[in-house]
Amino acid sequence: MHPFSYFRASGADDVNKALRDEGTRILAGGTTLYDLMKLDVENPVRVVDISGLAPQPIRVENDTLILDSLLRMSQAAENETLRLRSPALREALMLAASQQLRNMATLGGNLLQRTRCSYFRHGEPYACNKRQPASGCAALEGLNRNHALFGGSNACIAVYPGDFATALAAFDARVEITGPSGARELDLVDLHREPGETPHLETHLRPDEFIKAIHIPLTKAARSSTYVKIRDRESYAFALVSAAVGIEMEGEIVRDVRIALGGVATRPWRSAAAEQALIGRPLNDDTAQAAGRAAFVGASTTRHNAFKTELGARVVADALMIAKTRI
Ligand SMILES: Cc1cc2nc3c(=O)[nH]c(=O)nc-3n(C[C@H](O)[C@H](O)[C@H](O)COP(=O)(O)OP(=O)(O)OC[C@H]3O[C@@H](n4cnc5c(N)ncnc54)[C@H](O)[C@@H]3O)c2cc1C
Ligand code: SF4
């Protein structure tokens, strides 16, 4: 671990000022950043600790739920509005990590967690373009069971690992960002970048910007929703495949449907193809399975991860049938 200086923020102004200095990183719950510093992946010159700042209370404005980025994952998961009006988001939080981690980890830090690709985390002697630009990608020909089927490139196929962002992608969430030039909003699906030729650039946030809050529209589809996560062990594990799904019916016909996939893409992945396969049709086992298969058309598989196409199609179909019971 390299030497770094530590600064404890006592207000938003402190954070904004500190971020103007190059090499400064925000420290929220620390459950990702400290790990990556110990692994020598991240070497900030200075960390600005925001863990002592109080989050704004959770509120609803214009049928939109607003969650402060400083909320701990467990605090957000306990919220009654989230439980009743967006169960998929609550489930995505509850199925992530462990209770102890959720008590520490913030929503902002959760969105910005980095890939769990072992070559990225452990470095030498393995090549990793994300860790060391232009060094190569050991996963392309190496162990790639946990790697991406969508959004990858010849430079990187690392999966974006977060559950919450996957669920947010399904429901048109937006992130509120602050920085030296003021506030702006970004669709959650536009927060993370695909790797392309520059896998070390992971988001569209500028280094001096800060995620302030997450805005979640409380739609009918969000109310009848679920998050299904398949992993190698029943708890305390990242998704092999997951699906966030919400539906709105008009009689027997699907009026609106939201489908996002986790564990299979380089960023939170909304599946327009799966959604289009269902809109205007009845929802039953056959149409749910067809939508699941549609979600994986065009998947780019590697030596060890082709099993995810069949598994993923089933996860989407199961999630749709669970969401139907919540109408
Ligand atoms: C063993 C283990 C298992 C896990 N399992 C899962 C899982 O199953 N599913 C899942 O989704 N996650 C899982 N996680 C990840 C965990 O949820 C994240 O580590 C956590 O959410 C990060 O939040 P934090 O507040 O601790 O972030 P930190 O570690 O403090 O920060 C993470 C990054 O975000 C930046 N940052 C933090 N807040 C902001 C902000 N407001 N604006 C701008 N930048 C910010 C930091 O600078 C840093 O780069 C697991 C983690 C561990 C260690
Ligand atoms: S998949 Fe991406 S993160 Fe993993 S080794 Fe290749 S370049 Fe690095």
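Modeller: Ground rule to start: rings of Phe, Tyr and Trp (its six-membered ring) pair if their centres lie within 6.5 Å; planes under 30 degrees apart count as stacked, over 60 as edge-to-face, and the rest as tilted. This is a predicted model, where local features need pLDDT of at least 70, side-chain atom pairs count only at pLDDT 80 or more, and totals for chains, interfaces and linings use all residues. Residues are numbered from 1 along each chain as its sequence is written, chains are lettered from A and ligands numbered from 1 in the order in which they are written, and side-chain values use heavy atoms, with hydrogens and water left out.

Biologist: How many aromatic pairs does that rule give?

Modeller: Three aromatic pairs.

Biologist: Why is the Y119 and Y126 pair called edge-to-face?

Modeller: Their ring centres are 5.0 Å apart and the planes meet at 65 degrees, so edge-to-face it is.

Biologist: What makes Y119 buried?

Modeller: Buried means under 20% relative accessible area, exposed over 50%, partly exposed in between (1.4 Å probe, protein chains only). Y119 has 12%, so it's buried. Y126 comes in at 44%, so that one is partly exposed.

Biologist: And how do you know whether F150 and W269 are stacked or edge-to-face?

Modeller: With 5.3 Å centre to centre and 15 degrees between the planes, F150 and W269 are stacked. F150 is buried at 7%, and W269 is buried at 17%.

Biologist: Which residues make up the ring cluster?

Modeller: F150, W269 and F296, linked by ring pairs.
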